[in-house]
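Have the viewer open as you read.

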Amino acid sequence: MRYRLLSPFEFQLAMKKPGVILLDLRDKEDFETYHLKGAIHAPYEHLEEWSNRFSTDQPMLVYCAKGNESILAARRLANKGFYVGSLIGGIGRMG
């Protein structure tokens with residue numbers, strides 16, 4: 001398996017690793033209202049389009065509002081060869 005579901009604590013630890021790409025899958029309005037520091041806006045509905053911009057050598061962390069889209073995205077990205085961590089429960093769990 002090339003993706004993992006991460007608790008908020010594990011996600012925060014993974015965010016500190018060098019070279020990790022942090023992706024916010026929510027819509028533009030939610031992203032502009034609040035996002036995790038260093039996150040790139042990458043809407044779930046455009047996954048095929050933006051995923052081609054990254055190398056599969058770069059580990060990714062993905063999050064969304066409630067965790068559902070990030071799990072789906074993690075699976076799809078893993079199938080494309082990426083190593084992905086998905087935040088369980090979405091951004092609201094980050095405290």
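## A bridge in the sheet

V62 has S86 in β5 as its bridge partner. The model is a predicted one, where local features need pLDDT of at least 70 and side-chain atom pairs count only at pLDDT 80 or more, while totals for chains, interfaces and linings use all residues. Residues are numbered from 1 along each chain as its sequence is written, and side-chain values use heavy atoms, with hydrogens and water left out.

Zooming out, β4 (60-63) and β5 (84-87) run parallel and are joined by three bridges. As for the labels, helices (H or I, at least four residues) and strands (E, at least two) are DSSP runs, numbered from the N terminus. Strands are taken to pair if DSSP finds at least two bridges between them.

## The whole sheet

The open sheet has five strands with parallel pairing, in the order β1-β5-β4-β2-β3. Which strands stand at the edges? They are β1 and β3 (40-41), each with a single partner strand, so one side of each is left without a neighbour in the sheet.

β2 (21-24) is joined to β4 by four bridges and to β3 by two, running parallel to β4 and to β3. D24 shows up on both sides of that story: D24 stands opposite Y63 in β4, and its bridge partner in β3 is H41. Buried here means under 20% relative accessible area, exposed means over 50%, and partly exposed is in between (1.4 Å probe, protein chains only).

## Helices on the sheet

α1 (residues 8-15) has P8, F11 and A14 as its buried residues. Seen down the axis of α1, these fall within an arc of 120 degrees, so they line one face of the helix; the arc is that of the directions from the helix axis to the C-beta atoms. An α-helix has 3.6 residues a turn, so residues three or four places apart point the same way. The buried residues of α1 pack against β1 (3-6), β2, β4 and β5, with contact meaning heavy atoms within 4.5 Å.

How do the helices lie? α1 lies across β1, β2, β4 and β5 and runs at about 120 degrees to β1. α4 (68-79) lies across β1, β4 and β5, at about 175 degrees to β5. For these angles, axes are lines fitted to C-alpha atoms, for helices over the stretch in contact, and values run from 0 to 180 degrees between N-to-C directions.

## Aromatic pairs

Rings of Phe, Tyr and Trp (its six-membered ring) pair if their centres lie within 6.5 Å; planes under 30 degrees apart count as stacked, over 60 as edge-to-face and the rest as tilted. By this rule there are two aromatic pairs. The ring centres of F11 and Y63 are 6.3 Å apart with planes at 90 degrees, so the pair is edge-to-face. This pair links distant parts of the chain, 52 residues apart: F11 sits in helix α1 and Y63 in strand β4. F11 is buried, with 0% relative accessible area, and Y63 is buried at 0% too.

W50 and F54 form an edge-to-face pair as well, at 6.4 Å centre to centre and 75 degrees between the planes. W50 is buried, with a relative accessible area of 4%.

R26 is in the loop between β2 and α2 (28-33). Is R26 buried or exposed? R26 is buried, at 9% relative accessible area. Its side chain makes a polar contact of 2.7 Å with the side chain of D24. A polar contact is a pair of N or O atoms within 3.5 Å; within protein, one must be able to donate a hydrogen and the other to accept it, and residues adjacent in sequence count only if both atoms are side-chain atoms. Leaving out residues up to four places away in sequence, R26 touches several residues, including H41, Y63 and I91.K80 is in the loop between α4 and β5 and is partly exposed, at 30% relative accessible area. The side chain of K80 makes polar contacts with the side chains of S51 (2.8 Å) and N52 (3.3 Å). K80 and N52 are 28 residues apart in sequence and 9.5 Å apart in space, C-alpha to C-alpha.

## Back to S86

N68 is in helix α4 and counts as exposed, at 55% relative accessibility. The C-alpha atoms of N68 and S86 are separated by 9.5 Å, with the two residues 18 apart along the chain.
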